[in-house]
Amino acid sequence: MDGDRQPPAAPPPAQQQSGKYRPPHLRNQESSGDGGARPPPLQRRTVVGCSETDANRRSWDQRTCQLPSICSGYTDASKLCVQLQNNSEPKQPQSGSPENTDNKILPAKRPVGSTHGGRPVNLVVNHFLVRFNPRVTIFHYNLDIKQVISHGKRPAKKSKKKVNLRLIRDKLCLDDPARFPLNRTAYDGEKNLYSAVPLPTGQFNVELCDIEDLLTRTYVVSIKLMNELKLSKLEDYLSGKVAYVPRDILQGMDLVMKENPSRHRISIDRHFYSSSFNAEDDFKHGVAAYRGFQSTLRPTSQGLALCLDSSVLAFRKPLAVMDFLKENIPEFDGMYLGLSLRRRVAHALKGLTVRVTHRVTKQRFTIAGLTAKNTRDLWFDFVDPKGRDPTVNVSLVQYFRHKYGKDIVYQDIPCLILGRNNRTSHVPMEFCILSVGQRYRKELLDEVSQDKYDAKCLAWPPERRKTICETMQAYDGPCGDVTQNFGLRIDKNMTSVEGRVISPPDLNLGAPDGSVDIVRVENEKCQWDIAENSVVEGKQIERWALIDFSSSDSSKAKDFIRNLRNRSRSLGIYMDEPLLCHFTGMREFSSVNRLEGLLRSVVEEASRKIPNRLQIIICVMAEKHHGYKYLKFVSETRIGVVTQCCLSNHAFRGDEKFLGNLCLKINAKLGGSNVELTQRLANFEEEDHVMFIGVDVNHPVSKKSTTPSIAAVVSTVNWPAVNRYAARVCPQDHRTEKILEFGSMCRDLVSTYFQVNRVKPKKIVVFRDGVSDGQFDMVLNEELSDLKRSVCDENYKPTITLVLAQKRHQTRLFLENVLDGGATGNVPPGTVVDTKIVHPFEFDFYLCSHYGRIGTSKAVRYCVLWDENSFTSDELQKLIYNLCFTFARSTRPVSLVPPVYYADLVAYRGRIFQEVAKEFQSRSNCTSAFDRSFYNLHPDLENIMFFV
């Protein structure tokens with residue numbers, strides 16, 4: 001290897017500062033004395049940029065190459081906390097990117113004052129405190145790897161696989177460990193390399209023996225310094241001195257944490273799985289469940305924390321191909337293959353990747369199929385690579401004996417065809433082993449294995465807690481030598497935190513005499529019983545029809561109608577006899593046109609009996625069918641009649657619980673009210689007229705670039721019950737998270753609210769779903785601005801609060817004492833945490849609002865980005881928890897605030913419409929999948945809850 005530049009040295013250590021870390025809210029109180037005044041919630045702040053001092057602006061050539069003493073900067077090694085430079089009053093917030101931060105709106109700060117609502121409960125959380133030395137600098141480099149093409153040599157195929165690029169990086173470090181210390185670097189397998197010490201820059205030659213054809217190939221590795229990540233900036237952010245998160249530093253440190261597991265474990269997306277499996281995780285048939293984890297770094301009130309959660313994924317076991325076939329196909333014994341058995345063997349093996357054992361190589365080969373002839377009958381022309389000897393015809397059996405010293409045992413079965421296109425080879429099955437890390441889809445498992453797999457994925461809290469702690473102690477976990485070489489120390493104990501359990505609200509339900517009954521929910525599950533009560537407002541269902549797709553047996557349908565009417569009457573929902581019953585088969589679901597013709601004929605026949613339009617059509621299906629999407633598309637966009645589907649095996653059984661849930665959905669779809677809160681919502685008055693908005697975007701898989709994303713917005717249309725919603729759905733560019741038509745959709749919903757209530761809402765609370773931390777700025781400075789421009793004017797300026805609901809995080813709450821919970825060991829409904837594990841100074845909290853019946857409960861993280869309604873922490877937490885009791889089709893609080901839950905349902909309904917549009921597109925070569933008019937709801941349905 002060679003390099004034309006001198007390696008840079010580490011910057012001189014800064015003057016060590018003493019003092020323990022204080023959370024920002026405590027620092028503010030200490031410095032100001034009176035706790036500090038709360039900043040205006042909607043303040044637009046201009047951020048001042050940071051600049052280096054002249055003492056730190058040293059030229060690259062003046063530095064000497066030394067390995068810094070990374071661990072020497074800690075003031076007290078026994079304290080698992082981040083050391084701050086001083087405990088003085090926080091400075092004016094600054095930004096690490098001044099050129100992009102002028103006039104940006106910053107997320108709302110946490111309200112001043114402690115929270116006190118609810119009873120205390122002691123918890124442990126899967127956050128592990130990370131100590132770092134703020135004087136350390138991490139060097140970020142860009143790696144560009146290219147092959148040197150020599151005359152007469154065939155160029156290697158450019159590989160995008162991370163494992164191949166890692167081999168080149170490892171060889172670079174192996175050839176010159178003094179200048180390129182492997183254990184002081186972290187590599188993402190693509191372009192980014194992070195180092196704890198300065199590395200030489202320039203171009204370096206690496207010779208690597210090609211793992212496919214054993215030829216030596218030369219690669220040029222270009223190394224360019226991209227950035228110097230000073231951990232002091234992260235310290236400043238954690239202490240509240242700068243307002244913008246140093247995301248580049250967190251990304252670099254996160255990659256450092258992942259370096260050790262990436263060397264020892266199977267890497268799938270952002271998860272790391274063990275390379276072996278436990279005996280109890282074997283599903284047989286060549287498949288097993290492998291245990292792994294996912295982790296991320298989070299800035300929290302107690303300092304930087306590693307959040308780690310366990311996961312399970314099914315993989316093919318790395319068996320020898322012969323053993324794999326014997327485990328999958330009992331009839332296979334390595335002897336002669338008949339035509340039928342041959343097809344089964346080919347089907348079981350095609351597309352799998354294997355490694356070979358007859359020669360030393362790390363190459364993985366894809367099985368393309370089986371040879372037409374058996375192994376003993378395979379001959380080929382052997383060409384001397386040096387051109388000295390003439391071409392000879394040899395048998396495969398002889399070739400393996402002379403070339404590799406291997407005798408082929410199973411000569412009466414075909415060989416495997418390995419490779420693709422014209423570059424294939426024939427290898428006997430006995431010399432092939434399935435490679436590690438081949439995922440196996442859950443849908444392909446048999447029913448018994450699927451149940452076992454689900455049980456392992458949905459582990460109970462004690463088991464999950466134990467698995468997480470074992471991962472932190474494992475040699476292949478995040479706490480490896482590389483992490484320590486970067487000066488990072490991780491506390492291997494979970495974080496202890498005191499949570500609070502908010503008391504459930506009182507609910508209004510219907511009484512048998514028609515009055516309103518106040519129900520106090522006090523049981524462990526926070527569940528209320530509709531067997532003894534009725535809905536608050538039941539709709540009179542006078543015009544409805546039944547379509548039975550399951551059979552022509554009218555007696556079963558009559559029993560179902562009688563049972564449904566009786567159950568609805570007991571709930572205060574009065575159903576007349578259906579205007580008509582139509583019997584047909586599931587063949588009607590085969591096409592959109594057939595279903596549309598059927599539904600129109602039913603509507604027309606009903607209109608001949610009564611002039612008013614049908615309220616609902618109940619459809620009894622024999623089985624789940626892909627034509628369900630046709631039914632919903634036709635009824636909700638073309639005909640304008642609500643439909644309610646159910647399976648015949650449930651409907652004809654006459655189960656009271658099933659029929660009760662069915663009645664709740666029907667009543668909600670037709671505008672009835674199932675349950676209401678007794679007391680008014682926190683922070684609002686009766687005359688306020690508040691509208692709650694839920695927002696979500698449903699994305700297709702990344703490979704389907706011609707498929708749009710689906711944006712959905714729902715909003716309440718009644719006050720103060722806030723349990724009736726209108727919905728809007730719109731397609732937009734592929735995998736675009738920003739809602740392009742957000743402002744216009746919200747303006748339309750505000751107009752709907754005015755039409756229903758004859759007054760516009762004075763206050764608006766927006767709940768946004770599906771947004772990562774890196775997209776907060778987009779939501780705050782683009783979507784919120786679009787909302788204000790579209791809705792507000794000189795005469796109408798509602799106060800707006802914007803809250804993000806995050807479900808895709810790794811934080812898990814565990815009871816310190818399992819006796820504090822119920823039978824499942826989960827935290828009780830209403831558990832909230834807003835200290836230690838939350839953001840250092842922004843307004844966020846974790847709320848587990850549901851009862852965990854299966855597995856380990858997962859709380860939702862709510863982040864307040866904008867608040868003109870001046871919520872306190874207690875008020876907002878109570879508001880969200882109470883709203884979770886108003887979900888229309890449930891008799892217990894749900895896990896997610898209902899506006900977001902409904903937006904998820906509407907976005908999924910839009911995805912159903914898109915699948916139908918795609919079929920139209922393939923027939924007519926048009927772009928209907930992106931045509932907004934294709935998703936327009938029928939006017940009779942757009943302002944009711946057709947989607948529940």
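The following questions and answers concern how terms are applied to a predicted model of a protein chain.

Q: How many helices and strands does the protein chain have, and what share of its residues counts as buried?
A: The protein chain has 19 helices and 41 strands. Of its 948 residues, 54% count as buried. Among contacts between residues at least 6 apart in sequence, 75% join residues at least 24 apart.

Q: Why is the pairing of R520 and D506 called a salt bridge?
A: The N to O distance between the two side chains is 3.4 Å. A salt bridge requires a side-chain nitrogen of Lys or Arg within 4 Å of a carboxyl oxygen of Asp or Glu, so the pair qualifies. The structure holds 55 salt bridges.

Q: Why is R520 called exposed, and why is D506 called buried?
A: R520 has a relative accessible area of 57%, and exposed means over 50%, so R520 is exposed. D506 has 17% relative accessibility, and buried means under 20%, so D506 counts as buried.

Q: What makes the contact of R613 with D940 a salt bridge?
A: Their side chains meet at 3.8 Å, N to O. This value is within 4 Å, and therefore the pair counts as a salt bridge. R613 lies in the loop between helix 12 (592–609) and strand 30 (616–621), while D940 lies in the segment after helix 19 (898–924), so the pair ties together parts that are 327 residues apart in sequence.

Q: Why are R613 and D940 called partly exposed?
A: R613 stands at 37% relative accessibility and D940 at 45%. Buried means under 20% and exposed means over 50%, with partly exposed in between, so both residues count as partly exposed.

Q: How do you know that K788 forms a salt bridge with E868?
A: The closest N and O atoms of K788 and E868 are 3.1 Å apart. The cut-off is within 4 Å, so the pair meets it. The pair links distant parts of the chain, 80 residues apart: K788 is in helix 17 (residues 776–791), and E868 is in the loop between strand 41 (860–867) and helix 18 (873–883).

Q: Why is T637 called buried?
A: T637 has 14% relative accessibility, which is under 20%, and therefore T637 counts as buried. The residue is placed in helix 13 (residues 628–639). The side chain of T637 reaches the backbone oxygen of F633 at 2.5 Å. Not counting residues up to four places away in sequence, T637 touches K632, F913, F934, N936 and H938.

Q: Why are helix 3 and helix 4 called roughly perpendicular?
A: The axes of helix 3 (residues 231–238) and helix 4 (residues 247–264) cross at roughly 115°. Angles of 65 to 115 degrees count as roughly perpendicular, so the two helices receive that term. The axes come within 9 Å, and the crossing is left-handed.

Q: Which residues make the contact between helix 3 and helix 4?
A: Helix 3 contributes L231, K233 and L234, and helix 4 contributes I249, L250 and M253.

Definitions and conventions. Residues numbered from 1 in each chain as written. Predicted model: local features only at pLDDT ≥ 70, side-chain atom pairs only at ≥ 80, totals over all residues. Heavy atoms only, no water. Buried < 20%, exposed > 50% of the residue type's maximum accessible area, 1.4 Å probe, protein only. Helix = DSSP H or I, 4+ residues; strand = E, 2+ residues; numbered from the N terminus. Polar contact = N/O pair within 3.5 Å; in protein donor to acceptor, adjacent residues only side chain to side chain. Contact = heavy atoms within 4.5 Å. Axes fitted to C-alpha atoms, helices over the stretch in contact; angles between N-to-C directions. Parallel < 35°, antiparallel > 145°, perpendicular 65-115°, else oblique. Left-handed = near helix turned anticlockwise from the far one by under 90°.
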